[in-house]
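Open the model in your viewer and keep the selection tool at hand.

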Amino acid sequence: MPTFDFDLFVIGGGSGGVRAARMAAQQGVRVGLAEAADLGGTCVNVGCIPKKLYSYAAGYAESFEEAAGYGWQLPQAPQFDWAHLKAQRAKEIKRLNGVYASLLKNSGVVLVTGWAQLLDGHTVEVDSKRHTARHLLVATGGTPYVPDFPGREHIATSDAMFDLDPFPKRLLVVGGGYIACEFASIFNGLGAQVTQLHRRAHLLTGFDDDVRQFLANEMGKAGVDVRLNCEATSITRGAHGLTVTLARGQQIEADTVLFATGRVPNTQGLGLEAAGVKLDERGAIAVDAHYRSSVPSIHAVGDVSTRVQLTPVALAEAMVVVDELFGKGRRRLDYEFIPTAVFTHPNIGTCGYTELDARAKFGDVAVFSSEFKSLRHTLSGRTERTFMKLVVDKASDRVVGLHMVGADAGEVVQGFAVAMRAGATKALFDSTIGIHPTAAEEFVTMREPMPG
């Protein structure tokens with residue numbers, strides 16, 4: 001039997017990579033991990049965590065606005081300090097970087113700092129030093145995608161949005177996915193004049209159609225200038241900022257232009273092709289049901305592979321791989337009914353099938369929906385509304401789709417996701433006592449299905 005430096009060598013110190021390395025090392029496995037940047041990956045450094053912190057910051061503007069309706073008189077207009085927010089965020093992210101480093105060290109993982117390249121199915125080179133391992137795991141995540149067009153050099157990607165200097169008074173967001181909608185909402189709340197362009201007819205492709213339309217309307221009411229069926233063709237820089245020319249010839253002036261037009265697997269420069277690892281049509285590592293690539297000793301999890309691009313999914317996949325390689329091989333991951341949230345203002349929370357997908361899969365479905373002003377806004381003076389929707393498979397009475405647009409939607413939907421994973425029926429929802437007064441109780445009090 002050949003002798004290896006490690007039993008497992010992980011490329012990438014993000015959520016999936018760190019989880020796999022830690023769990024394997026805790027079982028007595030010899031583990032190495034290579035990371036060229038700060039530990040924690042996209043989620044910790046330029047994704048989920050800082051984005052949610054900035055979303056909280058934007059939410060305070062809404063609270064200040066609402067306070068008068070509840071009898072609070074602020075002595076003066078609130079002043080937002082962008083530099084202070086950035087400094088506080090940086091401090092917290094640095095703390096988390098240290099937490100990740102401690103977790104790896106305490107579990108016995110050997111951290112190798114530098115860019116890793118595969119040489120073959122068992123060999124990795126980092127800064128001219130070679131490391132061999134029985135198993136290799138690629139967990140390098142994704143990276144922002146920007147199309148090639150005139151003025152491309154003037155744009156910002158999501159990675160740069162947390163440290164912009166100065167704060168953009170005029171922000172143009174190009175894109176209609178999670179990241180585009182979230183940053184449009186966040187910077188609108190922080191005080192920027194925000195315009196969002198999307199080349200399609202609706203935001204958030206893949207989400208329920210009613211959710212997509214409702215959110216676009218609420219974002220518009222909150223102050224975001226949402227322009228659909230609209231595409232940017234060029235950007236130029238002048239004395240007064242950036243000028244963005246649209247496909248129809250109109251022009252928009254902005255201080256910062258964020259291109260949030262999707263993310264692609266971070267596979268460049270890893271030596272995957274030389275090692276014989278096959279990629280799919282979008283450049284992701286093609287994996288089988290056990291997360292094995294075309295080279296049996298090389299696995300991949302998270303956004304760099306062909307599965308669902310969500311941090312909790314990468315964590316779960318990492319656990320499956322470690323169990324497969326070093327455990328009893330019993331752990332499995334079911335991709336049905338994965339809950340997710342979009343931290344727009346208002347939030348989106350969703351689990352299961354859209355109405356369209358449910359009709360395609362189950363055939364005959366019943367749809368229940370409700371739109372209302374939450375109790376909070378009866379006195380706040382704001383016009384924000386909440387939307388909820390259930391999709392039910394008529395044959396089994398099982399709730400197969402649950403969608404919400406409203407305050408704390410992610411927090412609400414997380415609990416319902418457990419019920420949906422357990423196979424909860426509409427009858428079970430109906431027999432559950434609601435918590436009053438809450439918005440969440442609406443999910444267990446909707447009785448009349450929509451016609452059709």
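Is Phe64 buried, partly exposed or exposed? Select Phe64: the residue is partly exposed, with a relative accessible area of 40%. Buried means under 20% relative accessible area, exposed over 50%, and partly exposed in between, with a 1.4 Å probe and protein chains only.

Two notes before moving on. This is a predicted model, where local features need pLDDT of at least 70 and side-chain atom pairs count only at pLDDT 80 or more, while totals for chains, interfaces and linings use all residues. Residues are numbered from 1 along each chain as its sequence is written, and side-chain values use heavy atoms, leaving out hydrogens and water.

**Stop 1: helix α3**

Tyr60 is exposed, at 53% relative accessible area. Tyr60 and Phe64 form a tilted aromatic pair, 6.4 Å centre to centre with 35° between the planes. Rings of Phe, Tyr and Trp (its six-membered ring) pair if their centres lie within 6.5 Å; planes under 30 degrees apart are stacked, over 60 edge-to-face, and the rest tilted. Why are Tyr60 and Phe64 separated by about one helical turn? Because they are four residues apart in helix α3 (residues 48-67). Helices (H or I, at least four residues) and strands (E, at least two) are DSSP runs, numbered from the N terminus.

Tyr56 is partly exposed, with a relative accessible area of 47%. Include Leu74, and you have a nonpolar surface patch of about 440 Å² made by Tyr56, Tyr60, Phe64 and Leu74. Patch residues have over 30% relative accessible area and no salt bridge; nonpolar side chains (Val, Leu, Ile, Met, Phe, Trp, Tyr) are joined within 5 Å, like charges within 9 Å. The areas come from the Shrake-Rupley method with a 1.4 Å probe.

**Stop 2**

The structure holds 18 aromatic pairs. Select Tyr54, Phe80, Trp82, Phe162, Phe167, Phe183 and Phe187: ring pairs link them into a cluster.

Next, look for lysines over rings. Lys426 lies over the face of Phe368, 4.3 Å from the ring centre. Lys361 lies over the face of Phe362, at 5.8 Å. The test puts NZ of Lys or CZ of Arg within 6 Å of the ring centre and within 35 degrees of the ring normal.

**Stop 3: His131**

Select His131 in strand β6 (residues 129-138). His131 is buried, at 8% relative accessible area. Show its contacts (heavy atoms within 4.5 Å). Not counting residues up to four places away in sequence, His131 touches partners including Asp5, Phe6, Phe9 and His122.

**Stop 4: salt bridges**

How many salt bridges does the structure hold? There are 25, each a side-chain nitrogen of Lys or Arg within 4 Å of a carboxyl oxygen of Asp or Glu.

Select Arg382 and Glu62, which meet in a salt bridge (4.0 Å, N to O). This pair links distant parts of the chain, 320 residues apart: Arg382 in the loop between α9 (377-380) and β20 (386-393), Glu62 in helix α3. Both Arg382 and Glu62 are buried.

Move to Arg385 and Glu371, where the closest N and O atoms are 2.9 Å apart in a salt bridge. Arg385 sits in the loop between α9 and β20, and Glu371 in strand β19 (residues 365-372), 14 residues apart. Arg385 is partly exposed at 27%, and Glu371 is partly exposed at 44%.
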